[in-house]
Amino acid sequence: MKEKISSLLAEIENIKAENAEQLEALRIKYLSKKGEVTALFSDFKSVPAEQKKEMGALLNDLKNKATEKIAELKAKFEGEKQAEEKIDVTRTPDPIEIGTRHPLSIVKNKIADIFSRIGFTIAEGPEIEDDWHVFSALNFPPEHPARDMQDTFFITKSPDVVLRTHTSSVQTRVMTSQKPPIRVLCPGRVYRNEAISYRAHCFFHQVEGLYIDKNISFADLKQALLYFAKEMFGEETAIRLRPSYFPFTEPSAEMDISCNICGGKGCAFCKNTGWVEILGCGMVDPAVLESCGIDSKVYSGYAFGMGVERITNLKYRVKDLRMFSENDVRFLDQFKSAY
């Protein structure tokens, strides 16, 4: 029996398998109930008593080595199989570049996030609008220059269907469909018939806000805009409000922030004034409230609007507006870490 054990041990140490099927056949040959190693354990009964201790140790060593060899080959095949499964043969051999959000989307989402913290919700509306929602409901007189073909894109020969020139049209839709209190933010794309250059485009993006409730004052507006400026441009940012005119607000103002490049000291970007204009605002004109079915004697409100491109320029100092719509990946790659 000792010779059989030695011969079988040498055979097991040299076994090889090309695949899992061959390995299973070897396992059956040596370790199954009718395998060669198992058969030697059956013959162990006839071993003389004085040799049982020695033969038992040899048999156990043989079984252990056979089990280890089969397990070693099995692990090898499983590792190769997992490696094959991890290889995606459909992938391109070229490196896959990580994408990024568009800078306008980054800034728009940041604006929405800031105002959501003080109770504003998002409202959206159609880009193709009628004259009433875009102009008439917002107190634009019939002779207002914004109605002229030079500023507005008309969809048909009729002056009643236009591409919206501002997202204030969303505000009129909200005011005619909801009862106060109303606190909404209206982001979206707008269109104006302008020559395309580094500082102007025929389409751009706005975010407008509207808050209507009882006893709303200009102080509420100023506090909301100060909070926005500090959250967007930094805690050290200061604001100032200059009297202005808009048909749909009275009183109206334009808001400047202290230049975030020179810190208000004066530079070429702020034209050495220390201030940069970022938005228009004001108290909603009572005539606008009444035209939308809201009692101006009970409710008041404020509105504001800003260009997303303008804010993005201030944040990232993009000098040419056309870069926002050219989809140049060299430009977009710069914003991978901006959100």
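How many cavities of 30 Å³ or more does the count come to?

## The cavity and its lining

In this predicted model, the count comes to one cavity of 30 Å³ or more, and the largest cavity holds about 50 Å³ of space. Its lining is made up of Leu138, Ser168, Gln171, Met175, Leu210, Phe248, Thr249, Val284, Val288 and Ala303.

Sorted by class, seven of the residues that line the largest cavity are nonpolar and three are polar, while none is charged. The element that gives the most to this lining is helix 7, residues 168-177, which supplies three residues.

## Helix 8: length and end

Just after helix 8 comes Gly234, which takes a positive phi of about 120°.

## Helix 8: buried and exposed sides

The buried residues of helix 8 are Leu221, Ala224, Leu225, Phe228, Ala229, Met232 and Phe233. Because these residues cover an arc of only 135° around the axis, they lie on the same side of helix 8. On the other side of the helix, Ala219 and Gln223 are exposed.

The packing partners of the buried residues of helix 8 include both helices and strands: helix 5 (103-116) and helix 10 (308-316), together with strand 6 (239-246), strand 7 (249-258), strand 8 (275-284) and strand 9 (300-307).

Methods. Residues are numbered from 1 along each chain as its sequence is written. This is a predicted model: local features need pLDDT of at least 70, side-chain atom pairs count only at pLDDT 80 or more; totals for chains, interfaces and linings use all residues. Side-chain values use heavy atoms; hydrogens and water are left out. Buried means under 20% relative accessible area, exposed over 50%, partly exposed in between (1.4 Å probe, protein chains only). Helices (H or I, at least four residues) and strands (E, at least two) are DSSP runs, numbered from the N terminus. The arc is that of the directions from the helix axis to the C-beta atoms. Contact means heavy atoms within 4.5 Å. On a 1 Å grid over the protein atoms alone, a cavity is a set of points where a 1.4 Å probe fits but cannot get out, and a pocket is an open set with protein on both sides within 12 Å along at least five of seven lines; lining residues have an atom within 4 Å of a point. Grid points are joined across faces, edges and corners, and a volume is the space filled by probe spheres set on the points. Ala, Val, Leu, Ile, Met, Phe, Trp, Tyr, Cys and Pro count as nonpolar, Asp, Glu, Lys and Arg as charged, and the others, Gly among them, as polar.
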